Amino acid sequence: MEKKICSECKEEKSLTEFNLHHVHVKEGVSKYRGLCKSCESKWKHDFYQRPENKEKRKVYNLRHAKKRKTWKQKPKVKAKAREYAKEYARKYPERIQNSYWKRRFGITLHDYQELLKKQNFRCAICGSEKPNGGPRMKKLAVDHSKKSGEIRGLLCFNCNVGLGAFKDSRDILQKAVDYLGRY
Ligand SMILES: [Zn+2]
Ligand SMILES: [Zn+2]
């Protein structure tokens, strides 16, 4: 395996650690970049963080936003993007699931499973193992505090809706308990 010294970190690394710069057709050789992959990505990141470059980028993005939009509408491009998304989903099913969980519930699937374990795989209020929300509900719901947005726990459908019906109010719930106690 051929090696090359990175001009930034001065480490000798195999060529696979360098991005291809171009292929010199006449000479039939591949030219690699001077910086190794990790140094190059760091450099790029720093470069785009500089305020003057951030500004330039903003202007560029604004100018090209429209072009990009029409380009994205082309059937060929659309089909390719769809294919790529499919391929990505096949390659990284956990990433897709995790981003869905992040978007939908604000936690990763891993976080959810940790919570579930902590609750002994049961609803935090009634202790039901079933989500109780009909056939489409496969998992206990993630219950957020309406005030702080903080996750309180995992609840079955009934308990989750129940809390909402009582407006998350301890006061009202206590009154309901007292009321039930009277009969
Ligand atoms: Zn390097
Ligand atoms: Zn419950």
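1. Where is Asn132 found? In this predicted model, Asn132 belongs to the loop that runs between helix H5 (109–118) and strand S5 (141–144). The residue is not a glycine, yet its phi is positive, at about 60°. Asn132 counts as partly exposed because it has 18 C-beta neighbours inside 10 Å, whereas a buried residue would need 20 or more.

2. A second residue other than glycine with a positive phi is Asp168, where the value is near 55°. Asp168 sits in the loop between helix H6 (157–165) and helix H7 (170–181). With 15 C-beta neighbours inside 10 Å, Asp168 is also classed as partly exposed.

3. On the overall layout, the domain assignment divides the protein into domain 1 (3–44), domain 2 (48–91) and domain 3 (107–181). The centres of domain 1 and domain 3, taken over C-alpha atoms, are separated by 54 Å.

4. Which residues make up the largest nonpolar core? There are 6 of them: Cys123, Leu140, Leu154, Leu155, Cys156 and Cys159. In soluble globular proteins, nonpolar side chains tend to be buried together. If residues up to four places away in sequence are left out, Cys159 touches Cys123, Ile125 and Cys126.

5. Strand S3 (residues 18–24) pairs with strand S4 (residues 29–36) in the antiparallel sense, over 5 bridges. Within this pairing, His22 stands opposite Lys31 in S4. The hairpin of S3 and S4 has 4 residues between the strands, and Gly28 there takes a positive phi near 65°.

6. Just after H4 comes Gly106, whose phi is positive at about 75°.

Key:
Residues numbered from 1 in each chain as written. Chains lettered and ligands numbered in written order. Predicted model: local features only at pLDDT ≥ 70, side-chain atom pairs only at ≥ 80, totals over all residues. Domains from an automatic or database assignment. Core = buried A, V, L, I, M, F, W, Y, C linked by C-beta atoms within 7 Å. Buried ≥ 20, exposed ≤ 12 C-beta atoms within 10 Å, placed from the backbone. Contact = placed C-beta atoms within 7 Å. Helix = DSSP H or I, 4+ residues; strand = E, 2+ residues; numbered from the N terminus. Pairing = 2+ DSSP bridges.
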